[in-house]
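Welcome! Take a moment to look over the sequence and the model before reading on.

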Amino acid sequence: MTDTTASFREQLLHPDPEVRHCVVRPLYHDAGEGHQQCRERLTAMLDLLNEKVGEYLHEYRRVISRVLPDDFSIVVDALARTDTEHLAESLGITVHNGYGLRPRTAVLVSMLASGWASQAANQLLSGGPVAHDAALDWTLLHRRAQDLDAAEPLESTFVDECFWYAVPTSDQAAVLDAFQLTGAVPVGFREAARLFDAQGALPPDKAVVVTPAFDGWTLLVHRGALDADLEALSARFGAAHFYGHGYQSGCGDWSDWTVAEQGKELQSCFYDLYGNDSMGPASRDEMLAWINKRRQPATPRLLAADDPAFNGYNGWEFDAESVAHRLSVSLHRVGSHTTVKGTSLLATPIAS
């Protein structure tokens, strides 16, 4: 059979799953296929989804979710056309554009609100025409993000297996400069939080969420630790906190945090379920007193593990979330009581 778009279509509709698998394999594996062939196969799949042809549409959607970022722009371009309503429906996306955004930008921000948040963020933060469109639409995106945050109640967010930084400032431009981030795209806070939903796909390695100022603290959330000098950051902003945790239902759980002020690292604590614990320079009792002395006025005292009222996770007295709640801001505890200034941004490290 000649390897053409037409033949790809026939193979995608073949009743034998192995035939279907062979035609889609190059879309997410390096199988030595030419780039043009991969594009043709993906285009054939998108055409079938737009026509709602065949009984394997769920398979195509799963494959498309694994397409490499360089080729995923084909999906965005297809959705940006005016004759692909069925494609959007097949992919579970409702494209809204009440702000006059460029078509591709409208597709991507609509994907952020669906099960395609990770792929959309990757495109927004990558080079090429999609990112260029978003840069041109920056003012409109900012207005949209403000409207979303005003319309959606601010709720705590379950953030699992990630790292975050906190600095006491509302100056996002200074934060972007200090952390060497670029390509900032305004998004709603709830959209940004979906990237770190434990039930969703892993966020892109390059995606950094810069939150609004929550009670005067700007937070940066990332899948991994950023290349950031905490002492230098604390010299610039007066303080800089680093937090990280991973909760995997008792398997591989860990917690990590460090606090620096005025150019000097003050305290840190690390726990994991394998007994690799470290704390310092304060002792256990000194650490408890240190945190309680510095805690935010509206937060409760941190309890010792031997206190009858203690109910800390894994029996850890100084886990990252509990310390963040008392010394800066916890993403698990933002809500209607939280003072918010600004909107969230998606950005990427300059070195990436």
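## How to read the model

This is a predicted model, in which local features need pLDDT of at least 70 and side-chain atom pairs count only at pLDDT 80 or more, while totals for chains, interfaces and linings use all residues. Residues are numbered from 1 along each chain as its sequence is written, and side-chain values use heavy atoms, leaving out hydrogens and water.

## The chain as a whole

The chain has 15 helices and 10 strands; these are DSSP runs numbered from the N terminus, with helices (H or I) of at least four residues and strands (E) of at least two. Its C-alpha trace spans about 75 × 45 × 35 Å along the principal axes. Of the 352 residues, 50% are buried. Here buried means under 20% relative accessible area, exposed means over 50%, and partly exposed is in between (1.4 Å probe, protein chains only).

A contact means heavy atoms within 4.5 Å. Counting contacts between residues at least 6 apart in sequence, 68% join residues at least 24 apart. The chain exposes about 16300 Å², and carbon and sulfur atoms supply 49% of that area, as given by the Shrake-Rupley method with a 1.4 Å probe.

## Charges and salt bridges

The chain carries 28 positive and 47 negative charges, whose mean positions are 4 Å apart. Lys and Arg count as positive and Asp and Glu as negative, while His and the chain ends are not counted. Each charge is placed at NZ of Lys, CZ of Arg, CG of Asp or CD of Glu. The whole structure holds 14 salt bridges, each a side-chain nitrogen of Lys or Arg within 4 Å of a carboxyl oxygen of Asp or Glu.

Let us visit a few of them. Asp137 pairs with Arg102 in a salt bridge, with the closest N and O atoms 2.4 Å apart. Asp137 sits in the loop between α9 (129-136) and α10 (138-151), and Arg102 in the loop between α6 (85-90) and α7 (103-112), so this pair ties together parts that are 35 residues apart in sequence. Asp137 is buried, at 1% relative accessible area, whereas Arg102 is partly exposed at 33%. Another salt bridge joins Arg144 and Glu191, with 2.5 Å between the closest N and O atoms. This pair links distant parts of the chain, helix α10 with Arg144 and helix α12 (residues 189-194) with Glu191, 47 residues apart. Both Arg144 and Glu191 are buried. Elsewhere, salt bridges with shared partners join Arg284, Asp285, Asp306 and Glu317 into one network.

## An enclosed helix

Helix α8 (residues 117-125) has nine of its nine residues buried, so it is largely enclosed by the rest of the structure. Its buried residues include Gln119, Asn122 and Leu125. Among the elements covering them are α5 (69-80), α7, α9, β2 (181-187) and β10 (344-349).

## The nonpolar cores

A nonpolar core is a set of buried Ala, Val, Leu, Ile, Met, Phe, Trp, Tyr and Cys residues joined through side-chain atoms within 4.5 Å. The largest such core has 82 residues, of which Ile64, Trp257 and Phe318 touch the most other members. Helix α3 (residues 35-51) gives the most to this core, with seven residues. Apart from this core lies another of 22 residues, among them Val167, Ala174, Leu233 and Ala347.

Which residues does Trp257 touch, not counting those up to four places away in sequence? They include Phe242, Tyr243, Met287, Trp290, Ile291, Phe318 and Val323.
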